[in-house]
Amino acid sequence: MKLLRFSAFLLLLPLSAVASTAHDFDFFYFVQQWPGSYCDTRQSCCYPSTGKPASDFGIHGLWPNYNDGSYPSNCDSDWPYDASEMNWPTLACPSGDGSSFWSHEWRKHGTCSESLLDQRSYFQAALYLKKQVDLLKVLQDAGIRPDGGFYSLRGIAGAIREAIGYTPGIQCNVDESGNRQLYQIYLCVDTWGKELIECPVFPRSKCSSRVEFPPF
Ligand code: 5GP
Ligand code: 5GP
């Protein structure tokens, strides 16, 4: 009996090794930021050298994550960022063309999914996801507008869940007057960076039950 169990273990060993190396993370967070909330904090922001971005959610990043909430980072220093055809607004100071933001995102997060997505596919996946879900429209259709008003956190999450079928993670920051405001929206995505999925775990929210949605 013991021998039988041991040989079954030996048989299963290579299978489990394959399963654990098939991909080295469990899902992606696709994180979008509201520029009004990035800019009206005490830290402030700078518009990119291309000018003031649209009054719309911008991409922060596509982040490989584990189901327990932890995440890998800076996975491969040998795969440098190659200034590719990618484009999403950067708001950090000093103003720039975005390349330092994108190279940071590639090095810190993108290299951790390189077993599945090369650099081009990684950025394309993020841009495709942005197009797939128009968060601002979803919120506006539910009467939630960037007008400096306060909205219930449940209402914001509910409007997004209603429109896309999945519950978002919502993160707040604090403006100069100390108000909690809608800062980032997290959607969960499969390891191919293609399909939205139900989030296995949510990020720390830092929101109150009602949050400001500031203009940009
Ligand atoms: P913060 O501490 O401001 O929430 O996050 C700082 C940075 O840590 C983020 O911009 C991101 O690069 C990384 N980070 C924070 N939380 C997560 C997470 O839950 N998953 C992943 N993959 N990265 C995270
Ligand atoms: P993370 O928080 O993802 O680890 O780091 C983001 C880095 O990218 C920071 O060094 C931040 O200054 C820079 N960065 C450049 N543009 C932006 C932007 O528009 N949004 C955010 N969140 N970070 C930006």
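**Ground rules.** In this predicted model, local features need pLDDT of at least 70 and side-chain atom pairs count only at pLDDT 80 or more, while totals for chains, interfaces and linings use all residues. Residues are numbered from 1 along each chain as its sequence is written, chains are lettered from A and ligands numbered from 1 in written order, and side-chain values use heavy atoms, with hydrogens and water left out.

**Largest pocket.** A pocket here is an open set of points on a 1 Å grid over the protein atoms alone, where a 1.4 Å probe fits, with protein on both sides within 12 Å along at least five of seven lines; lining residues have an atom within 4 Å of a point. I find 21 lining residues, with Gly58, Ile59, Asn87, Trp88 and Pro89 closest to the centre. β2 (58-65) and α4 (119-132) each supply at least two of the lining residues, and α4 gives the most, with 3. Helices (H or I, at least four residues) and strands (E, at least two) are DSSP runs, numbered from the N terminus. By class I have 11 nonpolar, 6 polar and 4 charged; Gly counts as polar, Tyr, Trp and Pro as nonpolar.

**Second largest pocket.** β2, α3 (99-108) and β5 (180-189) give two or more residues each, and β2 gives the most, with 3. The classes come out as 7 nonpolar, 6 polar and 3 charged.
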